[in-house]
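Me: I'd like to learn how to read helix packing and pockets in a protein model. Could you take me through them one at a time?

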Amino acid sequence: MNFPFFLARHFFRGDGNKTRQKASTPAVTVATLGVAVGLAVMILAVCVVKGFKQEVNRKLTGFASHIEVLNPLYFQSPESAPINVPTGLFEQVSKASGVQHVQRVSQKIGVLKTQSDFKSIVLKGGDERYDTIFLHTCLVAGRLPRFHGKATNNELLISQRQAKLLDLKVGDGVFAYFFEQTIKMRRFKVVGIYETNLKQFDETFAMTNLATVNQLNGWHEEQCSELEIFTNDFGESEASLGEVAKCINLHMATTKSGSMMTLSVKDDPRVAGTFAWLNLLDFNVWIILILMIAVAGFTMISGLLILILERTSTIGVLKALGAKNTSIRETFLYLASFIILRGLLLGNLLAGLLIVLQRQFGLVRLDPMSYYVDRVPIDIDWLWVIALNVSTLVITILALIIPSYMISHIQPAKAIRFE
């Protein structure tokens, strides 16, 4: 067996003189806890940030989409300008690389009014192709409007905020007013209430079917405000964006139709600020990782120095028996590695316990008005967990190499008499 490894294991098990370990025992405990707490904080930081990004991305792209095709005048006028999406173009976009789902949506600015209050809204309409999976997860009362069919209907889905402001509940009727050259009025029936906790959506959008919005806009069935496109993987949507843009540009060149533009949801002014906030979280995580690894490194350095000082006489005896400085240094680095590994084990157990408690009971609550979610979300990325364990072990051991050279300055004659 490797002698430094054997000796380090002997020291780690505490088989030596117990009376000579009064200083090293608390030092080793502090070093172990430093590594454990540091690793637990790093794992939790990564899991929480990834959970935030996953949950907020899901909501942003669930109510909007990964890729949007719209009229360039969309952001220049309060009323949305139409784009013409014939069946042929719709099918071409649907077959583009990476595209999972495509749907037409139309919008109309209006005002909901009750006897006591009013609220400006953007009426958003979807047809039978509209993906309702996300809306079902956000539904807090009632049901979704019937999107299928080419006939108009008066069914309306409003947000929880709109319902509280207007004092509406499922089954209530509400008048909507739309202003252009003339005032158009329509009476809707509230069939459902949703809540995404995304202010830019909950305060603005009410849902009905596409035919209703198109009738209010005076558009035919192939016209819409936006073409919403969902990709197989949001992280790889940039590649699909290029494919979709090619389809749109080819269509405009061959048909001489109206102008259309293609953009990623990350570039949409309505949600660009939220994506910028999510990117800032990545920077904060790196700061936490650096600080925690520094804490683990400093606690281990202090612990190693105390171990060396406490075993000075042992080092002197080993040197007198012919042991080389390199061999003794390896012994203490092995000993430090055992302490670090024990700290990593405790850190993983602590992080795992906190993650399970948060997932099951939601112990840490948040204000959804500020953070878009009502509890701290957790998403475990095992590659990150493994990387944090390995990097903590490697960086901490590397940080101990220079302090271990203190052994080279210990003289056997003086060390054997050291008390």
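Me: At what angle do the axes of H9 and helix H13 cross?

Reply: Axes are lines fitted to C-alpha atoms, for helices over the stretch in contact, and angles run from 0 to 180 degrees between N-to-C directions. Helices (H or I, at least four residues) and strands (E, at least two) are DSSP runs, numbered from the N terminus. In this predicted model, local features need pLDDT of at least 70, side-chain atom pairs count only at pLDDT 80 or more, and totals for chains, interfaces and linings use all residues. Residues are numbered from 1 along each chain as its sequence is written, and side-chain values use heavy atoms, without hydrogens and water. Here the axes of H9 and H13 (residues 382-404) cross at roughly 40 degrees and come within 9 Å.

Me: Which word describes how H9 and H13 lie to each other?

Reply: Angles under 35 degrees count as roughly parallel, over 145 as roughly antiparallel, 65 to 115 as roughly perpendicular and the rest as oblique. H9 and H13 are therefore oblique. A crossing is left-handed if the near helix is turned anticlockwise from the far one by less than a right angle, and right-handed if clockwise. H9 passes H13 in a right-handed crossing. Contact means heavy atoms within 4.5 Å, and the residues making it include Trp286 and Leu289 of H9 and Trp384 and Leu388 of H13.

Me: How many residues of that contact of H9 with H13 are nonpolar, polar and charged?

Reply: Ala, Val, Leu, Ile, Met, Phe, Trp, Tyr, Cys and Pro count as nonpolar, Asp, Glu, Lys and Arg as charged, and the others, Gly among them, as polar. This contact has 15 nonpolar, four polar and no charged residues.

Me: And what about the largest pocket: what is its volume?

Reply: On a 1 Å grid over the protein atoms alone, a pocket is an open set of points where a 1.4 Å probe fits, with protein on both sides within 12 Å along at least five of seven lines; lining residues have an atom within 4 Å of a point. Grid points are joined across faces, edges and corners, and a volume is the space filled by probe spheres set on the points. The largest pocket has about 540 Å³. Its lining has 22 residues, with Asn57, Arg58, Thr61, His66 and Phe234 nearest the centre.

Me: Which element gives the most to the lining of the largest pocket?

Reply: That is H2, with six residues. By class, the lining of this pocket holds six nonpolar, 11 polar and five charged residues.
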